Amino acid sequence: MYKCLDCGHIFDDGEQAVSREYHDEILGGFHEDFASCPICGGDFEETVECEKCHGEFLTDELIGGYYCEECLKAALTVDGFLDFAEYADENLGDSDLHTVEHFMLVWVYGVSDSAITGSSKDFRALMTEEFEETVRAAVYVSNDDFLENLWNYLHDYDMLGSFAEWLYDKEVRK
Ligand SMILES: [Zn+2]
Ligand SMILES: [Zn+2]
């Protein structure tokens, strides 16, 4: 399948519009074929399937190469975030700082990244408690807002790709 880069139209191989350009000025002449979107004439690229909804997407629309934004967003739960955080702490980055406490510090308390320098085990435990407290409180306000915060945090700290990969490992590779 293909997707138009201009209008977003998705189409099968064989449906692309083809225009032919003749070059008679050269001895014998030759022609070139240009393929384009059948709707708007724009450029197109081959699509890849989202692992969850099996919709057709351009490669750079799939987060981590696996999931469309909608599917990955739907998969982000508080428990999922905590599981992923544990994985991230063990496997990603080289900071002493754990994901949950980092999230609490920069996202909830607004501490700037440069002001944070490692932390103690006790402090980490405290931040984990605070996180759970925030989750409990969020239920009464708006759970969706809280999930949106988690999503934006992963996005801003460039972790969505790793989150998608982690989810794929968990759900598909097992
Ligand atoms: Zn088009
Ligand atoms: Zn999807």
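## A pair of strands to start with

Let's begin with one residue: tyrosine 2 has glutamate 46 of strand E5 as its bridge partner. This pairing belongs to a predicted model. Strand E1, residues 2-4, runs antiparallel to E5, and three bridges link the two strands.

E1 and E5 are part of an open sheet of three strands, ordered E2-E1-E5 and paired in the antiparallel sense. Its edges are formed by strand E2 (10-11) and strand E5 (44-46), each of which pairs on one side only.

## Another antiparallel pair

Further along, strand E3 (residues 17-23) and strand E4 (residues 30-36) come together. Seven bridges join E3 and E4, again in the antiparallel sense. Within this pairing, glutamate 21 has glutamate 32 in E4 as its bridge partner. How many of the seven residues of E3 are buried? The count is zero, so to speak a strand that is hardly covered.

## The chain as a whole

Now let's step back. The protein chain holds six helices and seven strands. Reading along the sequence gives the pattern β-β-β-β-β-β-β-α-α-α-α-α-α. The chain is more spread out than a compact globule, because its radius of gyration is 23 Å, well over the 16 Å that the globule rule gives for 174 residues. Along the principal axes, the C-alpha atoms fill a box of roughly 80 × 30 × 30 Å.

The domain assignment gives domain 1 (2-46) and domain 2 (72-172). Taken over C-alpha atoms, the centres of domain 1 and domain 2 are separated by 46 Å. Across the 174 residues of the chain, 18% count as buried. Among contacts with a separation of 6 or more, 49% come from residues 24 or more positions apart.

## The nonpolar core

Which residues have the most contacts inside the largest nonpolar core? They are Ile63, Tyr67, Phe163 and Ala164, in a core of 24 residues. The elements giving two or more residues to this core are H2, helix H3 (99-108), helix H4 (121-141), helix H5 (143-156) and helix H6 (160-173). H6 gives the most, with five residues.

Phenylalanine 163 is worth a look in the viewer. Setting aside its neighbours within four places in sequence, phenylalanine 163 is in contact with Phe84 and Leu154.

## A closer look at alanine 85

Alanine 85 sits in helix H2, which covers residues 78-91. Is alanine 85 buried or exposed? Alanine 85 is buried, because 22 other C-beta atoms lie within 10 Å and the cut-off for a buried residue is 20 or more. Not counting residues up to four places away in sequence, alanine 85 touches Thr99 and Val100.

How does alanine 85 lie relative to aspartate 6, and what separates their C-alpha atoms? The two residues are 79 residues apart along the chain, and 37 Å lies between their C-alpha atoms.

## How confident is the prediction?

The mean pLDDT of the protein chain is 89, with 94% of its residues at 70 or more. Where is confidence lowest, and where is it highest? Confidence is lowest in H4, at a mean of 83, and highest in E1, at 97.

Definitions and conventions: Residues are numbered from 1 along each chain as its sequence is written. Chains are lettered from A and ligands numbered from 1 in the order in which they are written. This is a predicted model: local features need pLDDT of at least 70, side-chain atom pairs count only at pLDDT 80 or more; totals for chains, interfaces and linings use all residues. Helices (H or I, at least four residues) and strands (E, at least two) are DSSP runs, numbered from the N terminus. A residue is buried if 20 or more other C-beta atoms lie within 10 Å of its own, exposed if 12 or fewer, and partly exposed in between; C-beta atoms are placed from the backbone. Two residues are in contact if their C-beta atoms, placed from the backbone, lie within 7 Å. Two strands pair if DSSP finds at least two bridges between them. The radius of gyration is taken over C-alpha atoms; the globule rule is 2.2 Å times the number of residues to the power 0.38. Domain bounds come from an automatic or database domain assignment. A nonpolar core is a set of buried Ala, Val, Leu, Ile, Met, Phe, Trp, Tyr and Cys residues joined through C-beta atoms within 7 Å. pLDDT is the predictor's confidence in each residue, from 0 to 100.
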